Amino acid sequence: MDFSLTEEQTMLKDLVTRFVQDELLPLESTVLAREASGGGMAITDGERAKIDARAKELGLYGLDAPEEYSGSDLPTTTMVGVWEELSKTCVDYHFPPDSPNLRMLMQVCNEEQREKYLKPYARGELISSIGISEPGGGGDPAAMKTRAIEDGDDYVINGRKIWIGKAGYSDFTILMASTDPEKGARGGITAFLVDKGTPGFNVARKIPMIAGRFTYEIAIDDLRLPKTAVLGEIGNGYGPMQLRLSVRRVQMAAWACGKTRRALDMMREWVNQRRTFGSLLAEKQAIQWWIADAETKLHACRLMIYNTATKIDNGEQARTECSMIKVFATELAWEAIDHAMQSFGAMGMTKELPLQLMANHIRLMRIYEGPSEVHRMVIARNALKGRVVGL
Ligand SMILES: Cc1cc2nc3c(=O)[nH]c(=O)nc-3n(C[C@H](O)[C@H](O)[C@H](O)COP(=O)(O)OP(=O)(O)OC[C@H]3O[C@@H](n4cnc5c(N)ncnc54)[C@H](O)[C@@H]3O)c2cc1C
């Protein structure tokens, strides 16, 4: 059993490490000041254009997009290292396209949709969002109430979506709706492609979240879509949506590892120079145990993530594994960043260090793509049926 990264994976990881150092870390203090003054933590269009140009130049666009759409077709196992490195800063930047929606589109787009959505999306020319959650509940998407009713050659959709990232400005939204409430997740949920500005798809409000982020609430009032807007098969939207969620969960676990690593690196530098009560913080057992436990869990977490990514690359669903790593990694990062903040004393409570923004980002991650409790429920349900996870 070989646990080492390939030469290609190591080279790419190193390239992304340098990219983060050269392009993203220099922006960190600007982003922190912007967020501290209430301006949110997103980078500006001008900042993004410069970073995008450099990423393109280095061949970092479309890393996991198919080669036929100008991508590099890299497997999830290789993307893990990229995601981990990219998240070692609070500057929120991701190489286009966003992998989860890309994988969903790749799985179910028809020829026409490939041309209109998938190809430009894979080239990083379009921004997408996905509307699953509703005011009545997000943790249990099978119970969604947004209803699509067939009307001649069209579907007419009514309902409400909430907490949708990017929905206020994305070029298109993958909208999940119930086409058969009786069947629910087993044949009753359909995915639709909705272009920006389509009448009936109304951005009701922009919601400020912690970590300087925003989500959107969408009012869907008599949204009329042609049947050609159906993504995949009628009633069979739940499976491809789950694949999308699985990819995001691996990605989030890798992000959490990157943030844990950054917090531990900051902490190491600090405790090796700060003296209290006649000795370095690094010499106190309380601090050493925080570091020992976090390093041990980080190592375990990475092994779980690479194992899960390997299963996904081999065509397995690995849904329980995705639940496990999402919970484990986000809770590890939350604890490690908290300990790093504690070791910095009052300095750790400032908005001048990136730690608080990283912590709040992780806090969000314990909710989105499924709260920890729901993932624990999934793990327990399977375990109670004797379906245990192995290598
Ligand atoms: C920053 C952010 C971005 C998001 N982006 C998107 C997006 O782009 N698209 C989208 O569709 N959604 C998005 N969401 C929504 C997100 O996926 C949901 O918020 C999440 O699934 C939880 O749904 P809910 O908020 O309705 O909580 P509920 O489902 O109402 O759950 C509330 C709480 O109840 C507890 N709970 C729920 N079920 C159980 C259980 N079975 N056992 C024990 N406890 C339980 C948990 O503690 C949970 O946190 C985003 C959310 C956030 C915070």
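**Briefing: domains, pocket and local features**

The C-alpha centres of domain 2 and domain 3 lie 31 Å apart. In this predicted model, local features need pLDDT of at least 70 and side-chain atom pairs count only at pLDDT 80 or more, while totals for chains, interfaces and linings use all residues. Residues are numbered from 1 along each chain as its sequence is written, and side-chain values use heavy atoms, with hydrogens and water left out.

**Domains**

- The chain is divided into domain 1 (7-122), domain 2 (128-231) and domain 3 (239-384), with bounds from an automatic or database domain assignment.
- Domain 2 gives 9 residues and domain 3 gives 10 residues to the contact between them, where contact means heavy atoms within 4.5 Å.
- About 830 Å² is buried between domain 2 and domain 3, 80% of it on carbon and sulfur atoms; buried area is the accessible area (1.4 Å probe) that two parts lose on being put together, summed over both.
- On the domain 2 side, Ile210, Ala211 and Arg213 lose the most area to domain 3, together 47% of what that side buries.

**Salt bridges**

- A salt bridge is counted when a side-chain nitrogen of Lys or Arg is within 4 Å of a carboxyl oxygen of Asp or Glu.
- The structure holds 30 salt bridges, but the count between domain 2 and domain 3 is 0.
- Glu85 and Lys13 form a salt bridge through their side chains (3.0 Å, N to O).
- That pair links distant parts of the chain, 72 residues apart: Glu85 is in helix 4 (residues 76-86) and Lys13 in helix 1 (residues 7-24). Helices are DSSP runs (H or I, at least four residues), numbered from the N terminus.

**Second largest pocket**

- The second largest pocket has a volume of about 510 Å³, a volume being the space filled by probe spheres set on grid points joined across faces, edges and corners.
- A pocket is an open set of points on a 1 Å grid over the protein atoms alone, where a 1.4 Å probe fits, with protein on both sides within 12 Å along at least five of seven lines; lining residues have an atom within 4 Å of a point.
- Of its 21 lining residues, Phe3, Leu303, Met304, Tyr306 and Asn307 are the closest to the centre of the second largest pocket.
- Helix 8 (285-313) and helix 9 (319-343) each give two or more residues to this lining, and helix 8 gives the most, with 8 residues.

**Backbone**

- The peptide bond from Pro96 to Pro97 is cis, with omega near -5 degrees.
- Pro97 sits in the loop between helix 4 and helix 5 (99-108).
- Ser70, a residue other than glycine, has a positive phi near 65 degrees.
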